[in-house]
Amino acid sequence: MSALLRVSHLSKHFHGLTAVAGVSFSVRAGTVHGLIGPNGAGKTTLFNLISGLVPLDGGEIVFDGRDIARRPVHARAGLGIARTFQNIRMFEDMSVLETVAAGAHPGLSAPLWHCLLGLPRYRAEERAVAAAALDLLTFVGLAERARERAGDLAYGEQRRLEIARGLAARPRLLLLDEPAAGMNPHETADLARLLRRVRACGVTLLLVEHDMGFVMEICERLTVLNFGRRIADGTPAEVRADPAVIEAYLGTRAAARLSRPRQPRP
Amino acid sequence: MPLWLEDFLWTYQTLIHSLGINGLLALSMYVVLAVGQLSLGQAAFMGLGAYTGALLSLHTGLPFALVLAASALVPALAALLIGLPTLRLTGVYLAIATIGLGEVLRVVYVNAGITGGALGLGGIPDRTEGWIILALLAAALAGCVLIGRSRFGRAMEAMRSDQTAAAVIGINLPAYHLGALLVSAALAGLAGALSAHSSTFIGPNEYAFETAVTILSFAILGGTGSPLGPVAGALVLTALPELLRPLHDFRGVFNGLIIVLVVLFLPRGLVPWRMPRLGKTP
C-alpha cells in the first residue's frame, strides 16, 4: 500500500527547546496509525506541523504526493486533511447542525452574489449541505441533538461533534489529538467502534493517544516518539516488545529488569 | 400625505437623516466585528467618503449616484492599502493601526489646500433625501442578513468563535479579514458622503477618535449577534438625546446612565438573538 502521508526529517524548535528533531514516518492509506510517546514527546507539535498551525524549521511533509510543508492551514484542509483538538475547540454558539455545515466549507462553491440574490444553485447547495450534515450527525450518533447549541453538549458528545465537523469536508486523512482523553471505558469502546466505521468509509486515521489499551486495540501501525525523536515504528506487537519503547515509558532500570530472564525463586 | 406627517418629516428631517447614516455606520462596524476583528478606523473611512463626496459634488457635475459610488470606493481602496500589511494583526493591534489611519488623515485634511484646511468644506450641495438614506440602509441590512445566513456567514461566525478551529476546517482567514474590512470601509464611506450632503458642511475634526468610539458603541449597545443589533443600537443612541430633550441640562447624564445600564444588564446588547441559520437554536 502507498503512503498517504510521508513526513521526512521534520524539525521544530521553540527558542532553545527542540520539540521535534528530525522525525520521519509514513502513514499508509486506509490504516489507523497511532502516534504515541510520553508527555512532552512532541506529538501535538507534530500534529500542528502537519496541519500547518505552526511553521516548521526543516523537513518535508508530503501528502498524497504533494509537498504541503509551506501551504497555509486552510489550503491543507482543502487538500483533504482534517483534525480534532486535544482541548476541544467548539463554535459554542452555533447549533450542532451548523457546526457540521461549517465544516463542509472547503467543498462549497456558491458565489457571493448567488447568496445575495438567493439563486437556485445556492439554495440547492444549502439543502445538500444540511442533508449531508444531518447524515454525518446520524453517523456519529448526534442526530437528535442537531438543533441544540454546540456549547451545551456533554463532553463526550462534543468530541463526536468535532469528529463529524472534521469529516464534513470529506477528508482523506483525519488527525485525532487524544480522542479518548477524559472518557470512561464505556465511552472509549464506543469511540473505537466509531473510528472503525470512519476508517471503513475510506478515511485514513492518524491519532495521538495515551490510553494504551485503546491504542493497541485500534491501531495497525504505531510510531513512538520520545524527546522529539522517533524511537520506534511498527505494528503494536513489535512496538510493545521494543526495548527502547519500554525504556522510554518505564525508565532504564525497569527496562533492564524486564529484559533479564526470569530466575526461579529459591 | 397628511399634513401632520409632512410637518413631522420636515421638523425631524435632520434626525431621520442621522438615524439612517448612523445605522449604516453601525453596520460597517458590525461587518468587522462579525469576523472577530476590532477596527477603530470606521470614522476615518467615513471621513474619506465624506471628503470624496463633497469634493466631487463641489468640483464636478457627476450625478449623485456616481458620487456615492466613488465615496464608497475610495475608502475601500484605503482599506486595501491598510489591510494588506496589517492582515496578521488581530484584536487591539488592528484597532491601534486603524486609529493611526484616522490621525494621519486628519492631519492631511488640515494641511491640504483642496480639503479646506482646518476650516473644512462648506457649501456642499444638499443632494440627499431621507428616503435615499433609508433605502440604502435597508439594502445594506438586507445584504448583511443574506450573506450572514449563507456559507460566508457560517465561516464568519466560525472565525469569530475560534480562529484556530476555523482555519483548520479550511476557512481562509486573511481573505475574510480583508474582505470584511473592504466592505466595512465602503459602508462607512457611503455613510460619510450621505452625511456630508445632508449637513452641507464637513470639517477635519468630525472624523476623529471620538467618532470611532461612538460608532463602536452603536454595535456594543445593540449587540453583535445579528446585523439588527448594531442598527438598533445606532437608532437608540441617535434618538435618545432627542427623546431626553425635556430633561434639559441633565440630558447628557441620563444618556450616559442608560448606556451604562444597558451594558451592565444586557451584556449581549439590546438585540441578543443570533442570526438564525441552518438548524435554529432554541
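How many residues of chain A are in contact with chain B, and how many of chain B with chain A? In this predicted model, 35 residues of chain A are in contact with 27 residues of chain B. The top contributor is α3(A), with six residues. By residue class, this side of chain A splits into 19 nonpolar, seven polar and nine charged.

Four strands make up an open, antiparallel sheet, and the order is β2-β1-β4-β5. At the edges sit β2 (17–28) and β5 (66–67) of chain A, each pairing on one side only. Helix α1 (residues 43–51) of chain A packs on this sheet, where it touches β1 (3–14), β2 and β4 of chain A; the direction of α1(A) makes about 65° with that of β2(A). As for β5(A), its antiparallel pairing with β4 (residues 58–63) of chain A runs over two bridges, and Phe63(A) stands opposite Arg66(A) there.

Nonpolar side chains tend to be buried together in soluble globular proteins. Here the largest nonpolar core has 152 residues, and those touching the most other members include Ala164(A), Leu24(B) and Ala26(B). Helix α9 (residues 173–199) of chain B supplies the largest share of this core, 14 residues. Zoom in on Ala26(B): beyond its neighbours within four places in sequence, Ala26(B) is in contact with residues including Ile215(B), Phe218(B), Pro230(B) and Val231(B).

Conventions. Residues numbered from 1 in each chain as written. Chains lettered and ligands numbered in written order. Predicted model: local features only at pLDDT ≥ 70, side-chain atom pairs only at ≥ 80, totals over all residues. Pairing = 2+ DSSP bridges. Contact = placed C-beta atoms within 7 Å. Axes fitted to C-alpha atoms, helices over the stretch in contact; angles between N-to-C directions. Nonpolar A, V, L, I, M, F, W, Y, C, P; charged D, E, K, R; others polar. Core = buried A, V, L, I, M, F, W, Y, C linked by C-beta atoms within 7 Å. Buried ≥ 20, exposed ≤ 12 C-beta atoms within 10 Å, placed from the backbone.
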